[in-house]
Amino acid sequence: MRDYLYDGSFEGILTCIYHHYYTDRAAGIYRREDYQPSLLHGYMEVETEEDKATRVYEAIENKISTYSLRSIYRAYLSCDPDKENKILRYVLLGFQKGHQLGSLHGNPAVHDMDVLNKKVGFEQERMLEFVRFEVLDAKAGQQVLYAEIEPDNDVLELAAHHFAERFRHDPLVIRDAGRNKAIVAYEGHWYVTPLGERLAGGGVVTPDGTVMELSQDEIDYQHLWQTYFDNIAIKERINPRCQRNFMPVRYWKHLTEMNRS
Amino acid sequence: MQKLQILADSAKYDVSCSSSGSNRQANGRMGNAHAAGICHSWAADGRCISLLKVLFTNRCVYNCEYCVNKRTNDFPRASFEPDELARLTVEFYRRNYIEGLFLSSAVEVSPDYTAERILECLELLRYKYGFSGYIHAKIIPGVSPEILHRIGLVADRLSVNIEMPTSKSLEAFAPQKKPKQIFAPMRQITNTLIETNSLKGPGTMFKGQQLNSSENYLSGGASTGHAVTAGRAGLPAVPGRGTFAAAGQTTQMIIGAGGETDESILTTSENLYRTFKMKRVYYSAYIPVVNSPILPDKKTAPPLAREHRIYQADWLLRFYGFSVSELFARGDGNLDPDLDPKVTWALRNLDKFPVEVNTASYEELMRIPGIGHKSAMRIIRQRRFAAVRYDELKKMGVVLKRARYFILCCGRYYGNRKFEPETIRNSMLQMESGLQMSMFDSGGNLLAYDSSWQKIEEGERREKLSLAGVI
């Protein structure tokens, strides 16, 4: 029995699960940089191996269910510090119970996974709500939609499909400022990329050095939106607690209507 | 800018904001509609902002007593130009501020004149700007059937406001609006939905029933000129581009302006659901915006608690299989302000409880306070493999502080010693007032300021508790 340390990738976790069955039973799985050595048992650094990960991936899909596989991946995207061990317990139980795993909501291992999934799913929906684009002028009269987000969980890619579909004819960029990566989407297709930095005036520098400035009427539309936002509230029903329940303060930084400068 | 300020200000009393019910893949140049709806922001009053909710104009020829835009109200007035509003919608939509447009209007000149301007704006938005996001259009009573039909072809959801729960109060407060003018467009919308085979109905009220058949066709409404033949397959499709109001129709009622009881309000809603099969009825607590001799005066606080209870009861109608007559078995026709309507119903019908969760049907589970659709489904799914145990119920999403009094789990009862309505009621009230107490303690000022009032409350509570035999 020993602790496994992995590199932070999804395939890394799957490789650790492989080693649990074929090398030595896992006491726990930890991210390499966060690991505090344990007194009870030794540890092993696991190299992520594609073929081992694929075998576990397919085993989960075939022997448990696609539904469970999905919830494992979404749990991996969460910011929970103990997510690796929750995934481990869930998968181990799954290889015993098979396809009924997803229905055993009363079991602690399944419940943990349900909680993580709920959190990730909830924040994914919040991103659909709270992304605020700014229109930037790129070269040759092309306009680009640009937004920054800072979600707790790594939900950037889960939100990508929605925006890529919705704004098919506008190229768009959503940057996760905390994790310093971005999605770029155009005509329904999208990919993940590291992306440059923000200028003080609101413009953006792309990795290849081009500068995109805020479009001319961007500030006007932001003011219009703020005006609308202020006027739609009924002052007899003011209820800031209710507002913050739905729209937590930690997201305000990137909301045009809450962050006025 | 000022225009937007004025016209948003006038539109804010419209309640509906939902962008749900329509699922459309991107087919135009921009946008799609998401079946579950997306709210983008929450205003300072805690209500969500999903659609750009504006009036096309607030210049009104009507003089409805309850309305900010009544003719005799001295108030800044403005109107949009169709293209201006369409552009604004598109630019807001691109920035992900909104899901779409909610366009209502005061009646300028005549219902038809106003409706034509609305139609012009919506058609520009759909065809010139290629917008395929969500559009909710308000239909003004008295509009001609042809214009209504064309608006329906570009909008996702239509609504005709009924405003007042009874025709008597409508006559008193909005003498220029006639019940007939309100019901005619409602009927037409329902009929067209049947013709296009897209009537869905409210919640799960008509689950498993065939709604799009000729029996549900309402007579007396203006027809679009299509003869309805019997049976589903024989119904002709409505010509023209796109679908007709894919997200159905809704309406809105004001609570607390006239002297109606909760029962008469909900009976009206039930009738609307049964007759017109509309998706939803919205309720808005009346906010005194204008001085009027026949309305509550300006200092009255909006009856928010009452609105909340009515919404709870409305959900029971649409999703839980309750009927209005069950909810108001006896009493003065108002809902209990202290406990939610499902609990009150369960306490009146204690002979149906406790229910064993491991054997109850879905319908029975749905009637237990503290259990909803999700937890009921989870219970049913799990008990195929293994019996559901009491300590698992919480993890399945059951609200035990309510449900424990009404269930058996593997044959055991986990509630009070006494299985009597009064005892259960008191222990539930005690739990809730306990919560309130702790809130008072944290704010020391409140405690001192309201001490006399609280003493009275305390006395009442003691009385209730001693009656229940707890102390």
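User: What share of the contacts in chain B with a separation of 6 or more comes from residues 24 or more positions apart?

Analyst: Start with the idea of a contact: two residues whose C-beta atoms, placed from the backbone, lie within 7 Å. This is a predicted model. In chain B, residues 24 or more positions apart make up 71% of the contacts with a separation of 6 or more.

User: How many helices and strands are in chain B?

Analyst: Chain B has 17 helices and 11 strands. Burial is another thing to read. A residue counts as buried if 20 or more other C-beta atoms lie within 10 Å of its own. Chain B has 471 residues, and 44% of them count as buried.

User: How many residues of chain B are in contact with chain A?

Analyst: Count both sides. On chain B there are 40 residues, in contact with 39 residues of chain A. Elements giving two or more residues to the chain B side include helix H12 (373–382) and helix H2 (82–94) of chain B. H1(B) gives the largest share, four residues. By type, that side of chain B has 19 nonpolar, 13 charged and eight polar residues.

User: Which strand of chain A does strand S1 of chain A join, and how do they run?

Analyst: Look for bridges between strands. S1 (residues 2–6) of chain A is joined to S2 (residues 26–31) of chain A by five bridges, and the two run parallel. A:Ala26 in S2(A) stands opposite A:Arg2.

User: What unit do S1(A), helix H1 of chain A and S2(A) make?

Analyst: Follow the path from strand to helix to strand. With helix H1 (residues 10–22) of chain A, S1(A) and S2(A) make a right-handed β-α-β unit.

Definitions and conventions. Residues are numbered from 1 along each chain as its sequence is written. Chains are lettered from A and ligands numbered from 1 in the order in which they are written. This is a predicted model: local features need pLDDT of at least 70, side-chain atom pairs count only at pLDDT 80 or more; totals for chains, interfaces and linings use all residues. Ala, Val, Leu, Ile, Met, Phe, Trp, Tyr, Cys and Pro count as nonpolar, Asp, Glu, Lys and Arg as charged, and the others, Gly among them, as polar. Two strands pair if DSSP finds at least two bridges between them. A crossover is right-handed if, with the strands pointing away from the viewer, the path from the first strand over the helix to the second runs clockwise. A residue is buried if 20 or more other C-beta atoms lie within 10 Å of its own, exposed if 12 or fewer, and partly exposed in between; C-beta atoms are placed from the backbone.
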